[in-house]
Amino acid sequence: LTPRSGTRCGWVALCDGDCARQADACEVAFVNTETGRCLRASLPELRRHRVVGFTDGLLVLLNTDTTAVRVLHPFTRVAVDFPAMAPLFRSMAWRLDARAWMRAFVCVSETSPSSIAVVVWFSAVQGVVAADPIPRRTIVSRKIELTIAVQFQGRFYGVTCTWRNLRQIYPQCQDPLIAMVPMKPRIPYADRFYLVESAARLMVAVRHLYDGTSGDWGFELFDVDIEGRRLLPVSSLGDRALLIGDDRCISVSSNKLPSISGDAIYTSVVNKDPVTLYSVASGEYERTSTLSVIHDFNKRIRPSVRPFTLADHLLTYCFHRHWSRGLMYHEYHHVPVTWKEVWNRFKAQDREVSFTRAVLQMN
């Protein structure tokens, strides 16, 4: 059970869009972006668990009762268990939102190339945690706060919030700095950074906001030369398309998925449209056909519009909060505050992760 197994490459988890969580249904639908094949896996192991991450088709689960972490292969059902997170929640992620929406990746263990480790980081919290199953130990880096992260070739990389440094976080090394991500000076700190593996290379996508009044924006793309410790500008993606979100970014081939446009970036700019296609060649963006307005920011005006497009599904996969709640991102990128029943359900789901209950059980 290691990252980059060829049998798992290209598998993306789908959202049914019916407000039913995959963890409650104990099943997950997958599509292979390389072949188009679809599979629905029945996974009773999801009961009393939250899906907190994906890596090369592997599911990272958090037990809501004990806070123990498990890595599960969805097709073979092979699993690896890790220690409980409760002690770290108490010291690092005491905020409910931080622990409910922790982000986890599977990496190659620094103690054994044939084993795995789980790397966890918390949004808006300083600290990255790496856990090995054998020997059972936990490494905590408390001074790192990340804005985006990715697993690439078994290693964990991230961009720091303060200095925009692209660093190797795990395995730990003597010189972790890879490069500094550039920022446009016109509107400081308005840029967004994304890391994505594309065709066996690591890339950085930087979204610049050029005009704060009009909301005009654009992208710069870079290849990461890890050995040379530098970023190399990229002017074209060829047949590749990037789909980028707050939690995950993926790259697919338009030759294998004809409904996806090549040399393009699918993203969300909420003040424009929840789903926007940016052409790398022209530098222009356009509304896609996936836009579906189901409410008027107060009440529902129409039911969910089906069938969902492949772009709908892939972008929802990149926004984990929506995917895990069973909601398609393009329809629920904004949930009106008047939908109190929906918001109460969200809050109840977030409260499932209680480190107090877990500590009592361990004692």
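The turns below cover a helix, the nonpolar cores and a hairpin.

Reply: Ready. Bear in mind that this is a predicted model.

Me: Which residues of helix H7 are buried, and why do they line one face?

Reply: H7 spans residues 340-350. Seen down the helix axis, its buried residues fall within an arc of 100 degrees, so they line one face. Those residues are Val-342, Phe-346, Gln-349 and Asp-350.

Me: Which residues on the other side of H7 are exposed?

Reply: Exposed means over 50% relative accessible area. On the other side of H7, that applies to Lys-340 and Glu-341.

Me: What do the buried residues of H7 pack against?

Reply: There are two partners, a strand and a helix. The strand covers 49-55 and the helix 96-100. They are E4 and H3.

Me: Which residues touch the most other members of the largest nonpolar core?

Reply: That core has 38 residues. Apart from it lies another core, of 25 residues, including Leu-88 and Met-102. In the largest core, the residues asked for are Val-28, Leu-46, Leu-59, Leu-243 and Ile-260.

Me: Leaving aside neighbours within four places in sequence, what is Val-28 in contact with?

Reply: The contacts of Val-28 include Gln-22 and Arg-40. Also among them are Ala-13, Leu-39, Ala-41 and Leu-43.

Me: Which residue in the turn between E6 and E7 has a positive phi?

Reply: E6 (68-72) and E7 (79-84) run antiparallel, joined by five bridges. Val-69 stands opposite Phe-82 in E7. Six residues lie between the two strands of this hairpin. The one with a positive phi, about 70 degrees, is Arg-77.

Technical notes
Residues numbered from 1 in each chain as written. Predicted model: local features only at pLDDT ≥ 70, side-chain atom pairs only at ≥ 80, totals over all residues. Heavy atoms only, no water. Buried < 20%, exposed > 50% of the residue type's maximum accessible area, 1.4 Å probe, protein only. Helix = DSSP H or I, 4+ residues; strand = E, 2+ residues; numbered from the N terminus. Arc of directions from axis to C-beta. Contact = heavy atoms within 4.5 Å. Core = buried A, V, L, I, M, F, W, Y, C linked by side-chain atoms within 4.5 Å. Pairing = 2+ DSSP bridges.
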